[in-house]
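Subject: Structure handover

Hello,

Here is the structure I said I would pass on. Please open it next to this email and read the notes below with the model in view.

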Amino acid sequence: FNPKTFLIFAQKVQYNTLLDMKIQEVMKLQRKALGITQQDLADMSEIAIQHQENRDGKGNPSLSTVEKIMDILGMEVKYEIRQTV
């Protein structure tokens with residue numbers, strides 16, 4: 001664990017969250033901050049690379065897939081259910 005890398009990541013997430021950052025982008029930032037390649041993540045998660053950081057918007061990973069990847073990356077997914085107006 002490198003505190004400096006974590007701080008840089010936290011600052012990026014904090015800033016980019018304000019810009020409506022997509023979850024794939026959060027995954028990518030955290031993966032890079034940890035020094036994990038996409039292939040490493042695929043090996044650890046048993047989830048194909050094309051399902052990890054799908055940038056074309058065509059992917060629709062299941063919640064369990066997202067949770068599994070985020071868990072490996074040391075992050076937690078929280079869900080909020082709210083009524084829309």
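Residues are numbered from 1 along each chain as its sequence is written. This is a predicted model, in which local features need pLDDT of at least 70 and side-chain atom pairs count only at pLDDT 80 or more, while totals for chains, interfaces and linings use all residues; side-chain values use heavy atoms, with hydrogens and water left out.

Overall layout

The protein has 4 helices and 0 strands, where helices (H or I, at least four residues) and strands (E, at least two) are DSSP runs numbered from the N terminus. Along the sequence the pattern reads α-α-α-α. Of the 85 residues in the protein, 25% are buried. Buried means under 20% relative accessible area, exposed means over 50%, and partly exposed lies in between, with a 1.4 Å probe and protein chains only. A contact means heavy atoms within 4.5 Å. Among contacts with a separation of 6 or more, 48% join residues 24 or more positions apart.

The core

In soluble globular proteins, nonpolar side chains tend to be buried together. A nonpolar core is a set of buried Ala, Val, Leu, Ile, Met, Phe, Trp, Tyr and Cys residues joined through side-chain atoms within 4.5 Å. The largest one here has 9 residues: Val26, Met27, Ile36, Leu41, Ile47, Val66, Ile69, Met70 and Leu73. Helix 2 (23-33) and helix 4 (63-72) are the elements that give two or more residues to this core. Helix 4 supplies the largest share, 3 residues.

The helices

The buried residues of helix 2 are Val26, Met27, Leu29, Gln30 and Arg31.

In helix 3 (38-45), the buried residues are Leu41, Ala42 and Ser45. They fall within an arc of 100° seen down the axis, so they line one face of helix 3; the arc is that of the directions from the helix axis to the C-beta atoms. These residues pack against helix 2 and helix 4.

Helix 4 has Thr65, Val66, Ile69 and Met70 buried. These four lie on the same side of helix 4, because they cover an arc of only 125° around the axis. Leu63 and Asp71, on the other side of helix 4, are exposed. The cover over the buried residues of helix 4 includes helix 2 and helix 3.

How helix 3 meets helix 4

Two packed helices are described by the angle between their axes and the distance between the axes. Helix 3 and helix 4 pack at an angle of about 115°, with their axes 10 Å apart. Axes are lines fitted to C-alpha atoms, for helices over the stretch in contact, and angles run from 0 to 180 degrees between N-to-C directions. The angle makes helix 3 roughly perpendicular to helix 4 (under 35 degrees counts as roughly parallel, over 145 as roughly antiparallel, 65 to 115 as roughly perpendicular and the rest as oblique). Leu41, Met44 and Ser45 of helix 3 make the contact with Lys68, Ile69 and Ile72 of helix 4.

After the helices

Which residue follows helix 3? It is Glu46, with a positive phi near 60°, although Glu46 is not a glycine. Glu46 sits in the loop between helix 3 and helix 4 and is exposed, with a relative accessible area of 71%. Gly35 follows helix 2 and has a positive phi near 75°. Gly74 follows helix 4, also with a positive phi near 75°.

Regards
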